[in-house]
Amino acid sequence: MQASLPKSAPENAAVMHFATAESCLEINDFSLAYAGVPALQGLSLQVPRHRVTAFIGPSGCGKSTLLRAINRLHDLNESVTLSGNIQLEGRDIHAPQLNVAELRRRVGMVFQNPNPFPMSIYENVAFGLRLQGRMLKRKRDDTVEWALQSAALWEEVKDRLYRSAWTLSGGQQQRLVIARTLAVQPDVLLLDEPASALDPISTLKIEELIRNLKSQLTLVLVTHNMQQAARVSDYTAFLQGGELVEYGPTDSVFTNPRLQRTENYITGRMA
Amino acid sequence: MIQHLAKNRDEAWPWLSAASVALSLLMLAALVSLLVVRGLGHFWPAPIEEVTLADGQVIAGHAVREAPLPDRPGHERLYYTANRDLDGALWQWVALDTIQTRSTPVELVLLDRASWGDFIGRLVAVVMPNERLEGEAAWQALQQHLNQRNTVANGAPSRAASGDSYVPGDTYLIVESVEGRQRQQPLHVIHRAQRPNAMSMGEKIQTWGSAVWRFLSQGPRAANTGGGVWPAIFGTVLMVLLMSLLVTPFGVLAAIYLNEIAHQGRLTRLVRIGVRNLAGVPSIVYGVFGLGVFVYGIGGSLDEWFFSDTLPSPTFGTGGLLWASLTLALLTLPVVIVATEEGLARIPDAQREGALALGATRLEMLTRIVLPMAAPAMLTGVILAVARAAGEVAPLMLVGVAKLAPQMPLDGEFPYLHLERKFMHLGYHIFDTAFHGEDVQAALPLVYATALLLVLIVLVLNLTAIFLRHHLRRQRGN
Amino acid sequence: MTPPSDTLNQRLRLARDRLATGLITAGGIGVLLAVLAIAVFLLWETLPLLRLGDTLALAKLTPLAWGTLKAAFYALLFAVPLALGAAMYSALFMSTRLRHRLKPTLEMMEAIPGVVVGFIAGLIIAPWVERHLAGTLLLVIGLPLSALVAGTIWHHLGTRLQRTLPLSWAGLWLVPWFVLMIALAFWVTPLLEQQLPEDDLRRFLDKQWGIDYATRNAMIVGVAMGFAVIPSIYALAEDALADVPKSLLEGAQALGATRWQALWKVALPTAGPGLFSAVMIGAGRAVGETMIVLMASGNTALFSASPFEGMRSISAAIAIELPEAAPGGLTYHLLILAALALFVFTFLVNTLAEAVRQRLRRRYRRLEGHP
């Protein structure tokens with residue numbers, strides 16, 4: 001998988017394809033359009049396993065759209081048309097016989113604004129577990145505690161597990177949502193600007209959490225905070241206008257971008 | 001003075017617009033206070049006046065109201081004199097200038113009788129098989145008898161059976177109207193006896209309370225001009241209950257379909273506007289539909305298939321509880337759909353996506369996240385539907401309400417709930433008693449009380465809905 | 001980390017989801033079809049009329065249609081000025097605290113069952129007005145005038161009093177003032193009436209101009225039904241006025257317009273369609289209302305525009321005659337035709353109002369700068 005995939009790209013779009021680690025998610029020539037208006041065009045990239053990959057780019061570049069496509073959240077919108085494919089562990093996620101619910105369990109997603117359910121903290125984390133069928137209460141309790149610990153929230157909430165999740169602060173809520181997602185043991189965790197609605201201290205906690213989690217699973221992070229991408233990600237993809245502009249190890253993308261467009265964006269000289 | 005405003009017309013308009021608010025509020029307040037005063041005042045033991053007129057006639061009764069004399073200046077007063085068996089009428093107008101003396105003697109009694117309505121006059125004697133009591137002793141004995149009978153009726157240990165001297169059939173009263181005509185009244189026709197002029201405030205309040213309770217808990221008497229409205233309350237509640245059982249699942253189902261499942265295109269938008277507009281279609285049209293489709297259509301067919309032995313007298317092919325509930329369910333369907341849809345639309349998509357992202361199927365997302373969150377909105381819708389249905393009369397006139405239902409729709413006889421029976425309804429009770437009663441004047445106080453009851457029920461339901469909605473908005477707010 | 005996978009459970013969940021989606025879809029469509037069935041039924045049951053071909057029978061419906069329109073007209077005559085006035089006042093002048101209380105109060109007013117309003121109107125107010133006709137008519141002119149008088153007095157009050165009785169609360173403190181004025185009107189009219197040759201306005205009207213006065217008449221229906229439709233007109237009109245972008249009003253006032261001018265020149269033209277749709281909704285309600293007309297109108301099928309004479313409306317005729325009409329007979333089909341007419345009329349009126357409101361909402365969004 002060392003060879004870069006050929007692409008009928010314009011001369012300035014020298015996209016680098018690589019895979020230092022084994023890839024977990026493969027996106028091949030993927031395009032998506034809302035009611036005929038293209039949002040993503042011919043995207044191809046591979047997301048390496050147990051690493052943090054960041055998607056950066058200006059607003060409306062399609063980075064969130066791509067993330068939502070990986071979770072098939074566009075299913076609810078009937079005006080969306082797709083082409084190309086996305087493969088999770090070598091299986092096309094749009095295959096007709098694929099169970100969407102199972103796909104979404106394996107691909108967890110955390111949104112920009114914390115969206116805890118209107119129930120207790122415990123029930124929020126146990127929500128996904130209850131969907132998977134019967135489970136001994138002891139085992140469920142253990143999983144909930146493990147998930148909360150993984151999300152670095154256990155110490156803060158262990159005394160009020162049965163209070164409403166809406167009583168938590170914004171940062172705690174976001175970590176609760178991450179814990180909730182971890183509880184069903186996904187292979188991939190998609191994070192859509194998870195810290196953009198939070199204060200700096202909560203942001204730092206989330207970033208630390210992201211770094212710690214990569215030993216357990218593959219993370220994909222969408223952010224428009226360049227520093228954040230530089231701080232937490234191993235690989236960075238720069239998207240613009242629905243196309244992939246540059247993709248590579250974060251260090252090289254940030255310190256030595258191959259394209260002028262990337263450099264302009266990173267250094268804040270956007271037109 | 002007006003000149004100032006005429007010159008500055010712009011300053012006049014705000015006052016006129018303020019006046020419209022004030023007038024609307026005034027009308028509402030007047031209506032409600034009229035209902036409260038007349039509705040509750042009827043049960044108050046009003047004093048009985050004994051009036052001597054210029055021509056020597058003596059009458060006794062409650063003063064009801066005054067009006068200008070039709071033929072000469074001055075006013076006349078309406079007295080409720082009861083004693084229909086003696087006078088042939090319950091009421092008497094008296095010109096104020098013909099009144100010589102007025103007094104409120106304490107010994108005047110008001111008897112509530114099983115026939116001929118009330119009696120107002122004096123108690124002369126209580127005649128029992130072995131003794132005859134007069135004066136104060138007679139009053140004491142009467143009260144004792146009535147109390148004993150009430151305890152027996154209430155299922156307390158029967159003293160009559162245990163050999164006590166209480167034998168009601170043989171005892172009778174001798175009563176006398178204020179102008180001196182005497183009558184004998186068997187004790188068993190007397191429901192209650194009171195001496196309003198002799199009552200203390202506490203006794204009056206107690207009498208008032210028990211009168212209100214009788215109004216709520218007893219059936220109508222004397223062609224709906226007396227007694228209570230219990231069957232109408234029961235019929236209204238049962239009908240509304242059945243209706244909400246029907247409308248809730250279907251309304252919620254339709255709302256979920258429209259909001260969560262249907263493709264959000266032009267057609268769905270049209271359907272949504274259509275449903276919204278159905279809320280504005282007159283209720284009588286639903287009544288026509290109920291009569292044509294439910295009663296004549298479905299009911300008629302049911303009769304042919306299952307009840308052909310009783311034809312031509314219809315079983316389901318005539319108005320009844322089931323058809324009325326179905327018709328009102330259809331009528332209130334838009335209310336539930338619109339309220340539920342609003343509740344569903346207010347749930348952020350983030351909640352739905354959050355559930356889906358955890359691997360929930362659409363059904364799981366709906367049942368575990370969306371529906372619990374929309375529950376208060378649904379409840380609001382159902383309460384509003386119930387409030388609307390409770391006050392709706394016009395369609396019921398077509399599909400099954402009765403002025404006096406001989407049997408309750410719920411009884412101890414199999415199958416207990418008789419969906420085909422006609423039922424009584426508070427709203428129709430008001431209409432019928434007020435417009436088709438024999439003696440409207442006599443029925444009026446009860447109509448007021450019934451109207452007050454209906455308004456209270458509807459207002460309490462609406463207040464609950466408003467409170468819930470308010471609470472809901474606040475909850476979403478933070 | 002491998003997930004706890006239970007394929008049987010997975011398949012079960014999926015099947016349940018498909019089944020439920022199907023059921024909800026079927027149920028939802030079924031309910032919507034049932035609603036559609038109303039129109040289909042009404043149409044179907046009117047078809048036999050074509051076969052009967054008895055055009056004369058249609059003449060039976062004309063006085064009913066007339067009565068319906070007459071009742072609705074008098075109701076709107078009473079309700080529209082009051083409701084729109086109240087809406088303007090509460091959107092522009094009223095204190096927010098009072099406004100938050102007023103809206104639910106008027107919602108309560110809307111909830112009062114028609115049968116109760118009809119009872120009060122037909123049995124209490126109608127005979128009373130008959131006895132106090134002159135006083136009642138005096139109120140029609142007197143009350144607005146007295147509001148102006150109150151306004152004038154207010155302008156001459158000291159600032160302290162003006163502050164305790166602010167215009168923003170006038171909707172409330174004018175109530176006792178009106179009570180006073182109404183009492184005054186009924187104290188004064190007998191004296192005025194004595195100046196008439198007949199000593200009584202009713203007899204005077206009859207002798208002088210041959211105007212009949214029926215106890216239960218269009219005026220009573222107008223007031224009673226107006227009472228019932230004020231809240232719905234008010235609610236929609238208030239929404240339309242309150243949603244007028246604040247920047248527009250402030251802009252006008254910054255140019256030196258008074259608050260009333262800003263309302264008149266800017267808010268009203270902007271919210272005009274909203275007010276129109278509010279009146280339409282009110283008209284729809286007035287046309288279909290049954291119990292109030294039935295109880296307060298005298299129920300006589302007359303061709304007369306006089307506010308002092310009764311009428312019979314379509315809805316009242318249906319309520320009374322349909323249960324007695326033999327199914328399949330001419331009267332039965334005619335009454336169903338009448339119901340169809342009501343249905344079509346109210347449905348069209350409501351659709352029009354809804355369409356106008358939606359367009360207005362889009363206009364507001366544009367005015368506020370959203371695309």
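So, the domains of chain B: the assignment gives domain 1 as 42–217 and domain 2 as 230–477, and bounds of this kind come from an automatic or database domain assignment. Before I go on, this is a predicted model, where local features need pLDDT of at least 70, side-chain atom pairs count only at pLDDT 80 or more, and totals for chains, interfaces and linings use all residues. Residues are numbered from 1 along each chain as its sequence is written, while chains are lettered from A and ligands numbered from 1 in the order in which they are written.

Back to the two domains. The C-alpha centres of domain 1 and domain 2 of chain B are 44 Å apart. How many residues does each put into the contact? Domain 1 of chain B gives 6 and domain 2 of chain B gives 8, where two residues are in contact if their C-beta atoms, placed from the backbone, lie within 7 Å. On the domain 1 side, helix α5 of chain B, residues 201–217, has the largest share, with 3 residues. A quick note on names: helices (H or I, at least four residues) and strands (E, at least two) are DSSP runs, numbered from the N terminus. By class, that domain 1 side has 4 nonpolar, 2 polar and no charged residues. For the classes, Ala, Val, Leu, Ile, Met, Phe, Trp, Tyr, Cys and Pro are nonpolar, Asp, Glu, Lys and Arg are charged, and the others, Gly among them, are polar.

Now chain B as a whole. We have 14 helices and 13 strands in chain B. Of its 478 residues, 43% count as buried; buried is 20 or more other C-beta atoms within 10 Å of a residue's own, exposed is 12 or fewer, and partly exposed is in between, with C-beta atoms placed from the backbone. If you take contacts in chain B between residues at least 6 apart in sequence, 66% of them join residues at least 24 apart.

Strand β1(B), residues 49–53, runs antiparallel to β2(B), residues 58–68, with 4 bridges joining them; strands pair here if DSSP finds at least two bridges between them. B:Thr52 sits opposite B:Val58 in β2(B). The two strands make a hairpin with 4 residues between them, and in the turn B:Gly56 has a positive phi of about 90 degrees. Then β2(B) goes on to pair with β3(B), residues 75–80, again antiparallel, over 6 bridges. There, B:Pro68 has B:His75 in β3(B) as its bridge partner. That hairpin has 6 residues between the strands, and B:Gly74 takes a positive phi near 115 degrees.

On to the neighbours of chain B. With chain C, the contact takes 83 residues from chain C and 75 from chain B. Which element gives the most on the chain C side? That would be helix α1 of chain C, residues 7–52, with 18 residues. The chain C side divides into 56 nonpolar, 19 polar and 8 charged residues.

With chain A, the contact takes 14 residues from chain B and 20 from chain A. On the chain B side, α10 (349–357) and α11 (362–391) each supply at least two residues, and α10(B) gives the most, with 6. That side of chain B has 7 nonpolar, 5 polar and 2 charged residues.

Last stop, chain A. Four strands form an open, antiparallel sheet in the order β2-β1-β4-β5. β2(A), 37–48, and β5(A), 91–92, stand at the edges with a single partner strand each, so one side of each has no neighbour in the sheet. Between β1(A), residues 23–34, and β2(A) there are 8 bridges, and A:Tyr34 stands opposite A:Val37. Helix α1(A), residues 63–70, packs on the sheet, touching β1, β2 and β4 (80–88) of chain A, and its direction makes about 65 degrees with that of β2(A). For that angle, axes are lines fitted to C-alpha atoms, for helices over the stretch in contact, and angles run from 0 to 180 degrees between N-to-C directions.

Two glutamates to finish. A:Glu89 isn't a glycine, yet has a positive phi of about 50 degrees, and A:Glu89 is in the loop between β4 and β5 of chain A. Buried or partly exposed? A:Glu89 counts as partly exposed, because it has 14 C-beta neighbours inside 10 Å. A:Glu193, also not a glycine, has a positive phi of about 45 degrees and lies in the loop between β7 (188–192) and α7 (200–213) of chain A. A:Glu193 has 20 C-beta neighbours inside 10 Å, so A:Glu193 counts as buried.
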